[in-house]
Amino acid sequence: MTGGRGVLPHHNSSPLESFTYPFRRRAPWLAGSLLVLAWPLSFPILLGYALAATRAAAADPRAAPPPLAVTRRTLAEGTLLGLAIAIVSVPFVAMLLAIAVSAERLALPEPYLLVGGACLASLGWAMLALLLLPPNAAVFARTGRARDLLDPVAAGRRVRSRFVVWNVATVVMVTAWLIALASACLCCIGFLPGAFYAMLVSAHAAGSLADPET
């Protein structure tokens, strides 16, 4: 079953295949790394391309990444995904600001308090983001409907129905981003292809969550 803008998800997909996805032919490593470098300006292109990769992986998890093309759909979907990430992040940014203000008023050791608060906020943000965004992004990549991105009820239903796949997919995503952070040790330049690698791995893993019934 397909939507007007979508594709039929493939049912033999495994999130573990995601680790090799960026190394298949046609992966635009140079362009992707340069876009990571220009992140504040290029995020609609990068996030839009990630959704295109999710859509392609849902259709055929063994295919190569799609070409990186700047289209109206790429920019629109990337902007919407960026907005969704920002909305999910707002409560945790507010939490950090509240901790900083409280530390100043109570004359508490602010650096230690901020480190603890940052760890707590990061953990909460990561848990909420992994619960909401991957399953909803898999649907949004197919339908293009903005309301599919931030629907906690639908996300919970999708996670519950495919809990094992979601659990493996989130482990794959977190591992890929840890690899990206570790690659920053290579004179910091390694983070550029590392982050692009993690983005493609996450996109492919999200594609394994695509549900043909939604």
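**Aromatic pairs and a helix crossing**

The count of aromatic pairs comes to six, where Phe, Tyr and Trp rings (the six-membered ring for Trp) pair if their centres lie within 6.5 Å. This is a predicted model, in which local features need pLDDT of at least 70, side-chain atom pairs count only at pLDDT 80 or more, and totals for chains, interfaces and linings use all residues. Residues are numbered from 1 along each chain as its sequence is written, and side-chain values use heavy atoms, with hydrogens and water left out.

**Aromatic pairs**

- Phe23 and Tyr197 make a tilted pair, 5.5 Å centre to centre with 40° between the planes (under 30 degrees counts as stacked, over 60 as edge-to-face, the rest as tilted).
- Phe23 sits in the segment before H1 and Tyr197 in helix H7 (residues 191–207), 174 residues apart; helices are DSSP runs of H or I with at least four residues, numbered from the N terminus.
- Phe23 is exposed at 58% relative accessible area, whereas Tyr197 is buried at 9% (buried is under 20%, exposed over 50%, partly exposed in between, with a 1.4 Å probe and protein chains only).
- Phe23, Trp29, Tyr49, Phe196 and Tyr197 form one aromatic cluster.
- Within helix H2, Trp39 and Phe43 lie four residues apart, about one turn of the helix.
- Trp39 is partly exposed at 41%, and Phe43 is partly exposed at 26%.

**Helices H1 and H2**

- The axes of H1 (residues 29–37) and H2 (residues 39–59) come within 6 Å and cross at roughly 135°; axes are lines fitted to C-alpha atoms over the stretch in contact, with angles from 0 to 180 degrees between N-to-C directions.
- Contact (heavy atoms within 4.5 Å) involves Gly32, Leu35, Val36 and Leu37 of H1 and Trp39, Ser42, Ile45 and Leu46 of H2.

Key
Helices (H or I, at least four residues) and strands (E, at least two) are DSSP runs, numbered from the N terminus.
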